[in-house]
Amino acid sequence: MRGVLATGGVVAALTAVSFACGSFACGGGRSALRSSRSSAPITSTAAAPPVRDWRRGATCYEIFVRSFFDSDGDGIGDLRGLTQKLDYINDGDASTNRDLGARCIWLMPVNEASSYHDCDATDYYRVEQDYGTNDDFKRLVAEAHRRGIAVLVDMVLNHVSSEHPWFREALGGPGAARRSWFRWATSRPAERGPWGQEVWHKSPSRDEYYYGVFWHGMPDLDYHTPAVRVEAKKIAAFWLTEMSVDGFRLDAVPYLVDEPGPLICDAIETASCSWWRTWARPRRRR
Ligand SMILES: [Ca+2]
Ligand SMILES: [Ca+2]
Ligand SMILES: [Ca+2]
């Protein structure tokens, strides 16, 4: 389980956006909560606090859906399983203490992706099929809100999967669709990554290289391209309005806009930090 997201975030009209500079929860930190306890109905009239109050010091419980609770016996945790066990996290009744009392859940990435940790999206607008459907997700949010639990989702915007249709299109070469959504070089640049790693990877289809700060399976989107910025805002709007989430845990914050120089937001106004503020501004409450 990882921390409390309610401090240091950017407060927004419909949501709060948590900046997680430098952390990379993707692929690590599995929540392993399992309960054999059946979900009990809410019987008391003690009201749950409003969902939006999570920003004022609520404890968030991080959940890796894949390992949380399997509702259909296929060996993979899923959204229906999580929905069944919400009372274990918070039953919505302030007079009981049989639950953890968390007023916020933070779900590691739940969008369709290539790998088990789902940090490498192949479709930002569809829930990971292993976990269920978009309708299953909407039911989860509705049931969480009924108990006063806010729902945050991990948002991984720095990169996509090398299997994402956007990248597969761009591999076609100059003139290909979405070519400018990624960074290319005809010979391997000498540039190394923030921890000295190789960041320019050989294209599987042409004699050229593409940039990916984490590994070759996760090509970085190029946030110097206006269409990429538009798409990132569209993704956020989808999860806030269509899927009714209350906020995001933002992944790989310092690495978003690829420019030389410092990465840390509070040392200097980096290009990444400027972009995140722009991204969050339409959703600020005040
Ligand atoms: Ca399952
Ligand atoms: Ca309770
Ligand atoms: Ca980047």
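Here is a quick tour of this structure, from the overall layout down to a few single residues. Keep in mind that the model is predicted. The protein has six helices and eleven strands, and buried residues make up 42% of its 286 residues. Among contacts between residues at least 6 apart in sequence, 66% join residues at least 24 apart.

**The parallel strands**

- Let's start with strand 4, residues 104-107, which is covered on both faces. Cys104 and Trp106 are buried on one side, and Ile105 and Leu107 are buried on the other.
- Strand 3 (residues 60-63) runs parallel to strand 4, and four bridges join the two. In this pairing, Tyr61 has Ile105 of strand 4 as its bridge partner.
- Strand 4 also pairs with strand 7 (residues 150-155), again in the parallel sense and over four bridges.
- Strand 7 in turn runs parallel to strand 11 (residues 247-250), with four bridges joining them.
- As for burial, six of the six residues of strand 7 are buried. Ala150, Leu152 and Asp154 lie on one side, and Val151, Val153 and Met155 lie on the other.

**The nonpolar core**

- The largest nonpolar core counts 63 residues. The ones with the most contacts inside it are Ile63, Val65, Cys104, Ile105, Leu107, Val151 and Leu152.
- Strand 7 gives the largest share of this core, with five residues.
- Where does this core lie relative to domain 1 and domain 2? It lies between them, because both domain 1 (10-158 + 224-283) and domain 2 (165-211) give residues to it.
- Leaving aside neighbours within four places in sequence, Val65 is in contact with Gly77, Asp78, Leu79, Leu82, Leu107, Met108, Val110 and Tyr131.

- Another sheet to look for is an open one made of three strands, in the order 8-10-9, with antiparallel pairing.
- Strand 8 (184-185) and strand 9 (200-202) stand at its edges, and each has a single partner strand, so one side of each is left without a neighbour in the sheet.
- Two bridges link strand 8 to strand 10 (residues 209-211), in the antiparallel sense. Across this pairing, Trp184 stands opposite Tyr210 of strand 10.

**Helix 5**

- Helix 5 covers residues 226-242, and its length checks out: at 1.5 Å a residue, its 17 residues should span 24 Å, and the end C-alpha atoms are 24 Å apart, which agrees.
- Its buried residues are Ala232, Ala236 and Trp239. They cover an arc of only 65 degrees around the axis, which puts them on the same side of helix 5.
- What do these buried residues pack against? Their partners are strand 7 and helix 6.
- Now turn to the face of helix 5 that points away from its buried side: Pro226, Ala227, Val230, Lys234, Thr241 and Glu242 are exposed there.
- After helix 5 comes Ser244, with a positive phi near 60 degrees.

**Helix 6**

- Helix 6 takes in residues 271-280, and Ser272, Cys273, Trp276, Trp279 and Ala280 are buried in it. Those residues cover an arc of only 120 degrees around the axis, which puts them on the same side of helix 6.
- On the other side of helix 6, you'll find Ser274 and Thr278 exposed.

**Trp181, a buried loop residue**

- Trp181 sits in the loop between helix 4 (165-170) and strand 8.
- Is Trp181 buried or exposed? Trp181 is buried, with 21 other C-beta atoms within 10 Å, and the cut-off for buried is 20 or more.
- Not counting residues up to four places away in sequence, Trp181 touches Trp166, Ala170, Leu221, Asp222, Thr225, Ala227 and Val228.
- Trp181 and Pro219 are 38 residues apart in sequence, and their C-alpha atoms are 9.9 Å apart in space.

Terms used
Residues are numbered from 1 along each chain as its sequence is written. Chains are lettered from A and ligands numbered from 1 in the order in which they are written. This is a predicted model: local features need pLDDT of at least 70, side-chain atom pairs count only at pLDDT 80 or more; totals for chains, interfaces and linings use all residues. A residue is buried if 20 or more other C-beta atoms lie within 10 Å of its own, exposed if 12 or fewer, and partly exposed in between; C-beta atoms are placed from the backbone. Two strands pair if DSSP finds at least two bridges between them. Two residues are in contact if their C-beta atoms, placed from the backbone, lie within 7 Å. The arc is that of the directions from the helix axis to the C-beta atoms. A nonpolar core is a set of buried Ala, Val, Leu, Ile, Met, Phe, Trp, Tyr and Cys residues joined through C-beta atoms within 7 Å. Domain bounds come from an automatic or database domain assignment. The expected span of a helix is 1.5 Å times one less than its number of residues.
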